[in-house]
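User: I'm new to this one. Can you walk me through a few spots?
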Amino acid sequence: GVTMAELLHIYMNNPTEGGKDGTEVSSGTELAPISVLLDAGKGEQKAVKCAVRCESGFHIDGTLTIKFVGGHADKWKAATDNKYTAETALESAEWKDSISLSNVADRNTIFWVKAISTADEKPQQDTSVDIQAEGLLVSN
């Protein structure tokens with residue numbers, strides 16, 4: 001059988017709401033290394049625009065839950081989109097440990113992720129954390 005992992009993908013690189021663009025970062029919902037290189041010396045935060053969409057002919061019945069799993073999951077937050085930019089998302093978005101997205105189908109549904117670094121860390125790419133997407137995938 002075909003698994004949900006083959007039919008649902010997460011994208012980065014400024015994806016467009018309602019579009020089919022972006023660079024795929026997940027091959028499967030279990031392992032989606034979203035790497036955000038942080039200048040930890042500044043204790044900075046960076047908001048990254050992401051999208052999720054199903055393969056053509058499929059959609060999520062109900063809501064899709066996005067959350068983080070892994071060693072440093074507590075440093076990552078997600079937010080639903082409200083036409084934010086990378087700058088306004090940090091200020092205005094409602095950042096949570098997990099979010100629910102509705103109406104996920106074969107076009108991009110935008111969400112945001114951010115990683116928080118603290119000033120005592122060296123800059124690093126944190127690939128120990130994966131984005132997990134959970135929902136009921138059904139054919140149209």
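User: Is Thr109 buried or exposed?
Analyst: This is a predicted model. In it, Thr109 counts as buried, because its relative accessibility is 11%, and the cut-off for buried is under 20%.

User: Where does Thr109 sit?
Analyst: Thr109 belongs to strand E7, residues 109-116.

User: And which residues does Thr109 touch?
Analyst: Leaving out residues up to four places away in sequence, Thr109 touches Glu17, Cys50, Ala51, Val52, Leu101, Asn103 and Val104.

User: New topic, sheets. What is the order in the open sheet of three strands?
Analyst: The order is E6-E4-E8, and the pairing is antiparallel. Strand E6 (98-102) and strand E8 (129-139) are the edge strands, each pairing on one side only. On average, neighbouring strands of this sheet are turned by 15 degrees against each other, direction ignored.

User: How many bridges join E4 to E6?
Analyst: Five bridges join them. Strand E4 covers residues 58-70.

User: Which residue stands opposite Ser100 in E6?
Analyst: That is Thr65.

User: Switching to rings. How many aromatic pairs does the structure hold?
Analyst: One. The pair is Phe68 and Trp76, with ring centres 5.9 Å apart. Their planes are at 40 degrees, so the pair is tilted.

User: Is Phe68 buried or exposed, and what about Trp76?
Analyst: Phe68 counts as buried at 9% relative accessibility. Trp76 also counts as buried, at 3%.

User: Last one. What sits over the ring of Tyr11?
Analyst: The charged end of Arg53 does, 3.7 Å from the ring centre.

Note on methods
Residues are numbered from 1 along each chain as its sequence is written. This is a predicted model: local features need pLDDT of at least 70, side-chain atom pairs count only at pLDDT 80 or more; totals for chains, interfaces and linings use all residues. Side-chain values use heavy atoms; hydrogens and water are left out. Two strands pair if DSSP finds at least two bridges between them. Helices (H or I, at least four residues) and strands (E, at least two) are DSSP runs, numbered from the N terminus. Axes are lines fitted to C-alpha atoms, for helices over the stretch in contact, and angles run from 0 to 180 degrees between N-to-C directions. Buried means under 20% relative accessible area, exposed over 50%, partly exposed in between (1.4 Å probe, protein chains only). Contact means heavy atoms within 4.5 Å. Rings of Phe, Tyr and Trp (its six-membered ring) pair if their centres lie within 6.5 Å; planes under 30 degrees apart count as stacked, over 60 as edge-to-face and the rest as tilted. A charge sits over a ring if NZ of Lys or CZ of Arg is within 6 Å of the ring centre and within 35 degrees of the ring normal.
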